[in-house]
Amino acid sequence: MQRHLARHLSKIRTFHHCVTGFVSGRSIRDNANTHVGQKTILNIDISDFFGSINFGRVYGMLSKKPFNLPRSIAAAIAKASTYQNKLPQGAPTSPILSNLICSKLDSQLRSLARKHNCSYSRYADDITFSTHRSRFSLAHTEIDEGGSTRVVINAELLHIIETNGFKLNAQKTRLFQKIHRQEVTGLIVNQHVNVKRRYIRNIRGALHAWRKYGFPDAQKTLNEKFGIKTSLDDFLLGQISFVGQIRGKSDQVFRKLVREFNELQPRAKIQIKLTPREIAEQATWVVEDFETDNQGTAFFVKDVGIATCAHCVNSKPFIYHRNWPEKKFPLVIRKRDSDRDLVIFNIPEALSGILPLDISVSTHAIETNSTLTLLGYPNHSKFMPIRIESGHEIRRFVRHSIGFLEISPRVREGNSGGPVVDSNFRVIAIASKGANHDTSEAVAEYIAINVNELLNMAN
């Protein structure tokens, strides 16, 4: 019953990108990425998070706006979802209900973050604020009478949390400065999202022990030294897979760990081949220009180079990937065609290992019900993930001898230059025009340039 309820409750609403826990397609990596490269980071933990949400709170939420469920239905759902008058850990309904309960809290904390020039995110009971400014007004440290350092929370922040029915866990409240190692949900965020060095060392140590002393002795060490009862191969499988989730499957450290593990345990072999979607995500980058405030999307494309729209860049373009926003790579324009609104860049030597997207050169419209997908970074700031929206092709047309597609996925400012791909993630078009500050989504047509124009230009 709870699984059915969770599935239906998840369809009720979407959550702001600041909510990264218990939301499909979001992870602790997305949560940590919000706070990469900031000067100051504040981590707050909510005490007894699920236990703070009782029958009355669930019933009250469902019986009032915007849900307005009949009282008997709201009460039945609340009873089915609570045990001993609280949301139980591990129940399928607890994650979605906690996020729904926290909607008001998230809204108020986002507003507070804007007021104090901060970024905000929440992963379940972990609340994080950060800022790139020198002054941080939401918390400060002071020395108590015993000589210990404690974090003092801004009164307005504390009031918002407590009036929403939660309490802070003072023991887990942390304030990190740039000069120290900064952590968000257990990940390092000083320069880019990463696992701790000790995490990698422990994996290497376990692999070394397995190779040198054999599986039984390595298993015994895992049990006795670390108190872990899981089978060594299952333990390493999970640990190494997590490294790939955080650092990416194309990361060389991850791939080396995989090779060592696969040699020792072929039966539980970890796959390191990227899926077509993973290739598309690692091949799609943010493009900006040092001379302007323009921001768009660029992508690596096979046998062509790096492509984007001409209106996105001036004469000093650079790209970066949202996973490593601090690493900016200047680009050299190889070809520019203002009529086609396309630019092709040479691939910097440092990025020669990026897997490019293939091109679909079909000149015919794809089937009406076939899916196409737009990837890009609309109105991007470094804490925002790539936006992926699926839809369909509406029509193909020619204007001034140039081929275009009208598509249903919404092209917004910053999406321009992003790849439009078919169901196999092959490029069929380049996003060009849509909604902006002059054209609302209600009247906008979403236009993409046929990929054949890019091929004709490249040749």
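R426 and D422 form a salt bridge in this predicted model, with their closest N and O atoms 3.0 Å apart. In total, the structure holds 19 salt bridges.

**Salt bridges**

- The side chains of E389 and R387 meet in a salt bridge with an N to O distance of 2.1 Å.
- Both of these residues, E389 and R387, are buried.
- A network of salt bridges links R181, E183 and K196.
- K115 pairs with E156 in a salt bridge whose closest N and O atoms are 3.1 Å apart.
- Because K115 lies in helix α6 and E156 in helix α7, this pair ties together parts that are 41 residues apart in sequence.
- K115 counts as exposed, at 54% relative accessibility, while E156 is partly exposed, with a relative accessible area of 34%.

**Packing of helices α6 and α7**

- Helix α6 spans residues 103-115 and helix α7 spans residues 155-163; their axes come within 10 Å and cross at roughly 170 degrees.
- That crossing angle makes α6 roughly antiparallel to α7.
- On the α6 side, the contact involves L105, Q108, L109, L112 and K115; on the α7 side, it involves E156, L157, I160 and I161.
- The residues of this contact divide into 6 nonpolar, 1 polar and 2 charged.
- K115 and E156, which belong to this contact, are also the partners of the salt bridge at 3.1 Å.

**Cysteines**

- The count of disulfides comes to 0.
- For C18, the closest cysteine sulfur is that of C102, at 10 Å, which is too far for a bond.
- C18 counts as buried, at 2% relative accessibility.
- For C309, the closest cysteine sulfur is that of C312, at 5.1 Å, and this separation is likewise too far for a bond.
- C309 also counts as buried, at 0% relative accessibility.
- The cut-off behind these assignments is a sulfur-to-sulfur distance within 2.5 Å.

Definitions and conventions:
Residues are numbered from 1 along each chain as its sequence is written. This is a predicted model: local features need pLDDT of at least 70, side-chain atom pairs count only at pLDDT 80 or more; totals for chains, interfaces and linings use all residues. Side-chain values use heavy atoms; hydrogens and water are left out. Axes are lines fitted to C-alpha atoms, for helices over the stretch in contact, and angles run from 0 to 180 degrees between N-to-C directions. Helices (H or I, at least four residues) and strands (E, at least two) are DSSP runs, numbered from the N terminus. Angles under 35 degrees count as roughly parallel, over 145 as roughly antiparallel, 65 to 115 as roughly perpendicular and the rest as oblique. Contact means heavy atoms within 4.5 Å. Ala, Val, Leu, Ile, Met, Phe, Trp, Tyr, Cys and Pro count as nonpolar, Asp, Glu, Lys and Arg as charged, and the others, Gly among them, as polar. Buried means under 20% relative accessible area, exposed over 50%, partly exposed in between (1.4 Å probe, protein chains only). A salt bridge is a side-chain nitrogen of Lys or Arg within 4 Å of a carboxyl oxygen of Asp or Glu.
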